Amino acid sequence: MSSAPVRSPTLRPHRMKKDESFLGKLGGTLARKKKAKEVSDLQEEGKNAINAPMSPATTDVHPEDTLLEENEERTMIDPNSKEDAKFKELIKVLIDWINDVLVEERIIVKQLEEDVYDGQVLQKLLEKLAGRKLNVAEVTQSEIGQKQKLQTVLEAVHDLLRPHGWTIKWNVDSIHGKNLVSILHLLVALAMHFRAPIRLPEHVSVQVVVVRKREGLLQTAHVTEELTTTTEMMMGRFERDAFDTLFDHAPDKLSVVKKSLITFVNKHLNKLNLEVTELETQFADGVYLVLLMGLLEDYFVPLHNFYLTPESFDQKVHNVSFAFELMQDGGLKKPKARPEDVVNLDLKSTLRVLYNLFTKYKNVE
């Protein structure tokens with residue numbers, strides 16, 4: 001953002017101390033010194049059983065976690081999963097998207113668990129995306145007030161998502177309890193539903209540690225939680241085409257297809273002394289797409305209709321969207337790809353667009 005207004009940080013509750021252990025972060029106070037031997041015994045037992053499904057205890061268990069009620073369950077993300085590059089990228093992309101949407105609200109999100117749980121950010125985000133005001137209190141400090149706000153916000157989210165087949169993998173307690181997996185499921189669903197101009201990393205999964213209390217003993221299990229699949233699957237576009245098959249089963253043939261398309265576009269762009277060598281990047285700002293349509297349909301595209309040297313993301317999206325309109329005016333169906341996908345350097349989306357042009361105009365001189 002070139003000229004973002006001064007933002008004031010959201011209020012954050014007191015953060016946990018650095019010396020709290022992995023499972024200890026789930027709640028409770030530090031064990032008293034007289035419990036030191038019990039802590040050591042319990043940690044040793046967990047170390048021996050960490051890899052066995054539903055085994056007693058796990059790494060760094062604190063005795064306060066035995067305060068779980070019988071059959072009560074708590075979950076958290078395995079620390080190793082938190083270090084996964086794609087997981088970190090997913091969080092960064094979502095945080096940047098939220099901050100971009102809420103730039104005029106003078107709100108900045110830095111950490112999803114701490115900034116989303118109370119409903120304030122979710123309220124503002126949904127109001128901005130959906131273009132309507134929610135009937136909730138603006139500021140709520142009490143836990144009851146926060147949960148009431150969350151309930152209202154999530155009900156509005158569910159009303160939007162359920163008709164489109166989204167599976168609801170979050171609730172008031174999990175969001176307010178700072179369950180990062182639930183928060184990510186919610187934000188991914190919102191980003192996909194509102195066609196956010198972002199590119200989420202695909203096939204992101206995390207290992208979730210499930211802690212249960214059975215017959216007075218803590219038991220743990222590791223469960224794989226899928227946060228994202230492919231953009232097309234998440235967008236609900238389940239129909240597969242030749243490019244899905246090409247990418248999934250015949251990547252060796254990809255270079256042949258790219259070479260054919262490069263030859264096709266250069267045959268026409270060379271008339272303007274332009275040349276393409278990289279399909280992934282050179283169509284991303286929409287300029288070549290617009291000029292190519294003019295050449296294929298034999299007309300001059302007025303320069304005031306598009307940005308000849310686009311600088312911002314929005315200007316690039318405008319160009320690609322305008323090129324899509326020209327394609328439809330030429331008799332082609334609306335492209336399956338989103339303009340944002342092309343701008344975000346999604347090769348499969350760019351190839352789909354160019355292949356449609358190739359199919360219709362391959363005999364045009």
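Just after helix α5, G131 takes a positive phi of about 70°, helices here being DSSP runs of H or I with at least four residues and strands DSSP runs of E with at least two, both numbered from the N terminus. The model is a predicted one, in which local features need pLDDT of at least 70 and side-chain atom pairs count only at pLDDT 80 or more, whereas totals for chains, interfaces and linings use all residues. Residues are numbered from 1 along each chain as its sequence is written, and side-chain values use heavy atoms, with hydrogens and water left out.

The protein contains 16 helices and four strands, and buried residues account for 45% of its 365 residues, where buried means under 20% relative accessible area, exposed over 50% and partly exposed in between (1.4 Å probe, protein chains only). Helix α5 (residues 120–130) is largely enclosed by the rest of the structure, because eight of its eleven residues are buried; these are Q120, V121, L122, Q123, K124, L125, L126 and E127. The cover over the buried residues of α5 includes α3 (85–101), α4 (112–116), α6 (143–161), α7 (172–176) and α8 (180–193).

Some of these covering elements also take part in salt bridges, defined as a side-chain nitrogen of Lys or Arg within 4 Å of a carboxyl oxygen of Asp or Glu, of which the whole structure holds twelve.

Elsewhere, helix α11 (residues 254–269) packs against α13 at an angle of about 70°, with their axes 9 Å apart, the axes being lines fitted to C-alpha atoms over the stretch in contact and the angles running from 0 to 180 degrees between N-to-C directions. The two helices are therefore roughly perpendicular, a class that spans 65 to 115 degrees. The contact (heavy atoms within 4.5 Å) is made by F264, V265, H268 and L269 of α11 and by Y288, L292, L295 and L296 of α13.

Notes: Parallel < 35°, antiparallel > 145°, perpendicular 65-115°, else oblique.
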